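Please keep the sequence and the structure open while reading.

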Amino acid sequence: MKLLFAAAFALFVLCTFDHADSSAYDKIVTHSRIRARKEGPNVCALQQVMGTKKKYFSTCRNWYQGAICGKKATVLYECCPGYMKMEGMRGCPAVAPIDHVYGSLGLVKATSTQQYSDISKLRPEIEGPGSYTFFAPSNDAWELLDETVRNALVSNVNIELYNALHYHMANKRLLTKDLRNGMMVTSMYNDLGLLINHYSNGVVTVNCARIIYGNQVATNGVVHVIDRVISAVGNTMQDTVEVNDDLTTLADLAQSAGLLDELGKPGHYTLFAPTNEAFESLGSEVLDRIKNDKVALKALLKFHLLNSVQCSEAIMAGTSHETLEGNNIEIGCDGESLTVNGVKMVRQKDIVTTNGVIHLIDQVLVPDSAKQVMELLGSSQATFGDMVSELGLAAAMRPEAEYTLLAPLNVAFSDEVMAIDQSLLKIILESHILKKKIVLQELYNGQQLETIGGKFLRVFIYRTAVCIENACLIRGSKVGSNGALHLMKTLLKPAQKTMYEILTEHGGFKIFLSLMEAAGLTDVLRQEGDFTLFAPSDKAFSALSDSDMTLLKSDMNALRTILLYHLNAGIFIGGGLETGVTNLLKSLQGSNLRVIFANNSMKVNAVEVPESDIMATNGVVHFVNQLLYPGDIPVGSQELLIILRKLISYMQIKYISGFRYQEIPLTFLKRIITRVVQEVPDVKVTRVIQGEPTITKVTRVIEGQPSVTKVTRVIEGQPSVTKVTRVIEGQPSVTKVTRVIEGQPSVTKVTRVIEGDPTITKVTRVVSGPQYSVSTDTSNIDLEGTDLSGITTIEGTSDLDTDTLTRLIQKGRGSPSRRVLAGNRRRGRD
């Protein structure tokens, strides 16, 4: 019992170790064994392509499709490698005997190789001591070899055949798990290399020959049966391209682009090499354009190169591979033919070189990066391309300029659209062509895109969508040499009017607009911004009487709560919403709107949206025929509850007696505040001293006309408003002094101008702040040097003598005069 347990444990450990170290080939054989477990032990299920002798340990994908390379495949059950049948027993219960390499060739039915080993005197070597790996061509492989070549080998048995067989051998034992992808195995013929590729689908190739039966262990090595005879490889890709007469155009272009030498460097590449005829089929105009554009030429050539070796025998179904240009191509098969992007174009396959494999193709693969922007259009956008060409827009696009096409699919061009006047249709299509090259990764929310027609389109970025105005992009964006292409399902409808203008011109939203006006919210529909409005039509209010409307307008907080629940900050169109799930949009009232978009229709709070995505310059409008109400807000008035129940049928409204609606801060509104400042120009002061023989007259006049400056400030928010108007006005003060001087006085006229800022200021501001303070004063006049002895009387003061007048003037001189400048006045701050 202990021995049985030990043996089972050892088997478990060995199996675990083998699985951990197994290769893709080993795993695919294991899967084939599992599929055939009903057939008995050690039986493997294979697929054979109908009409051929090709058999595969197939992948799950091929197995369940029942096809390989698009051809129907039948199921075969055979003994797994290393096992044999026994008469009268199910399955393959016997382990194949272990023999030397020569004997093993017979066990795996490679009898032709065994025979040629005899003829070439190789037999003693592979029967004797050593450790060899023999990649033995099957009998069918020898039959596929060109008869002239085969006869030449057999006729020169002492040299050519022996060397050919030695090239199929390595001087060490290598199981399939040791054959790593991309490794180079040194052969026994002149140390030339054997290129090994081990693919994820379980296929292992040697110089692109597939191992069809592997791991037949021998006493002095291992035998792997391959599906073709391999020949020695000594040339690089560069060598092959330069000497092949069908590839002279490719060689010239590669030389011009500086890539020819790259084909000679070590690596593991696949080159899909267009023939001369393939380049001719492009047309001279296209070929010349690409030749003259070094960037496009290099991109085109790199688009034919893969950074991996893709042998034809490893391709069992279409698989996408990245090119050195950066974009992908799909390599597939159709029976015996290779396909590229679904097209049969391979004329000759599996030209093995020291740094990869070459397949000759009869078409040129032109990447998007080498195409003009109009060449990016595919069959699904053919109508758009045709209309752009017919209306002259394509001809107006300069080759040296860059553009971006926003191309609607063919289904967008309905009969109704095609019936539009051509001049109007041209304007519509101009909105689908941008002035600049803008790739998908450069788009951001709020971006403004200018069209060739001078209009600007807005970009909206959502969690699962990128939209431009009312249309969202779909998969298929491309980037060309002078532009980019983005696909969309519908035609663009750029916004031209505000939400207020849309609703007013529609005519079916009069009640909603009147309620918005009563609530003081009309500005939100007019002002700049980004809003989403679910606008209830007049149908939504059809059950209300005039008294109901009066009651609804009587409670300002309730009315604003209801109306603001229909508005959302941000622009949300149907295509931008995640499909099939509830999208929560926070309203300006504060509660969430529950929006679902599915099957190209929209619902908000379970209410159908009959018309959506009406784009406005300040948002988007969706029409509804029911009033919406926040489910988390109760009603505290029986009268209002009765009104709301007339309007709302999709939900039960909660009633809490005495509940009062809260005031909602209108921070989203933009108020226009007007500030008026009236200023006075320079003040002119004139003092005139005049006199007749006995009279000197002094006149002081202050004059001025005010000038008006109007300042407008926009303050966002709902401020607490205090309006203060303070007007400081006045007539100039006039002092008239008449002095009588006896005798013949000299007449002196003095004019003095005192310049200063306004003394009259009118301010209108919407602020709270202190009052203005204004200071005024008089001017002192320096009369030093003036002879006052002759003055006996001053008009209006008969008892003022000369000494008194002198003292008054001297006393006043000690205090310097002050002029109050407008700039020094104290005024309230904003």
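In which strand is Arg458 found? Arg458 belongs to strand S25, which covers residues 456-461; helices (H or I, at least four residues) and strands (E, at least two) are DSSP runs, numbered from the N terminus. The model is a predicted one, in which local features need pLDDT of at least 70 and side-chain atom pairs count only at pLDDT 80 or more, while totals for chains, interfaces and linings use all residues. Residues are numbered from 1 along each chain as its sequence is written, and side-chain values use heavy atoms, with hydrogens and water left out.

**Arg458 and its surroundings**

Arg458 is buried, with a relative accessible area of 9%, where buried means under 20% relative accessible area, exposed over 50%, and partly exposed in between (1.4 Å probe, protein chains only). The side chains of Arg458 and Glu469 are joined by a polar contact of 2.9 Å, and a polar atom of the Arg458 side chain lies 3.4 Å from the backbone oxygen of Thr617. A polar contact is a pair of N or O atoms within 3.5 Å; within protein, one must be able to donate a hydrogen and the other to accept it, and residues adjacent in sequence count only if both atoms are side-chain atoms. Not counting residues up to four places away in sequence, the residues that Arg458 touches include Gln447, Cys467, Glu469, Ala495, Ile571 and Thr617, a contact being heavy atoms within 4.5 Å.

**The second largest pocket**

The second largest pocket holds about 1,500 Å³ of space. On a 1 Å grid over the protein atoms alone, a cavity is a set of points where a 1.4 Å probe fits but cannot get out, whereas a pocket is an open set with protein on both sides within 12 Å along at least five of seven lines, and lining residues have an atom within 4 Å of a point. Grid points are joined across faces, edges and corners, and a volume is the space filled by probe spheres set on the points.

The lining of this pocket consists of 48 residues, of which Asn470, Ala471, Thr490, Leu491 and Asp613 lie nearest its centre. By class, the lining has 25 nonpolar, 14 polar and nine charged residues; Ala, Val, Leu, Ile, Met, Phe, Trp, Tyr, Cys and Pro count as nonpolar, Asp, Glu, Lys and Arg as charged, and the others, Gly among them, as polar. Among the elements that each supply at least two lining residues are helix H17 (422-430), helix H18 (499-506) and strand S35 (611-616), while the largest share, seven residues, comes from S27. Domain 4 (371-488) and domain 5 (499-647) each give at least three residues to the lining, with domain bounds that come from an automatic or database domain assignment.

| Pair | Separation in sequence | C-alpha distance |
|---|---|---|
| Gly267 and Thr354 | 87 residues | 8.3 Å |
| Leu174 and Ser131 | 43 residues | 9.3 Å |
| Ala540 and Asn625 | 85 residues | 4.8 Å |

Gly267 sits in the loop between helix H11 (248-257) and strand S14 (269-274), and, beyond residues up to four places away in sequence, Gly267 touches Thr354, Asn355 and Gly356. Leu174 is placed in the loop between strand S8 (169-170) and strand S9 (184-186) and is buried, with a relative accessible area of 8%. Ala540, in the loop between strand S29 (531-536) and helix H21 (546-554), counts as buried at 6% relative accessibility; leaving aside neighbours within four places in sequence, Ala540 is in contact with Asn625, Gln626, Leu627 and Leu647.

**Positive phi angles**

Most residues other than glycine have a negative phi. Asn207, which is not a glycine, has a positive phi of about 50°; Asn207 is found in the loop between strand S11 (204-206) and strand S12 (209-218) and counts as buried at 6% relative accessibility. Asn215, also not a glycine, has a positive phi of about 65° and lies in strand S12.

**The chain as a whole**

The secondary structure of the chain comes to 24 helices and 44 strands, and buried residues make up 45% of its 830 residues.
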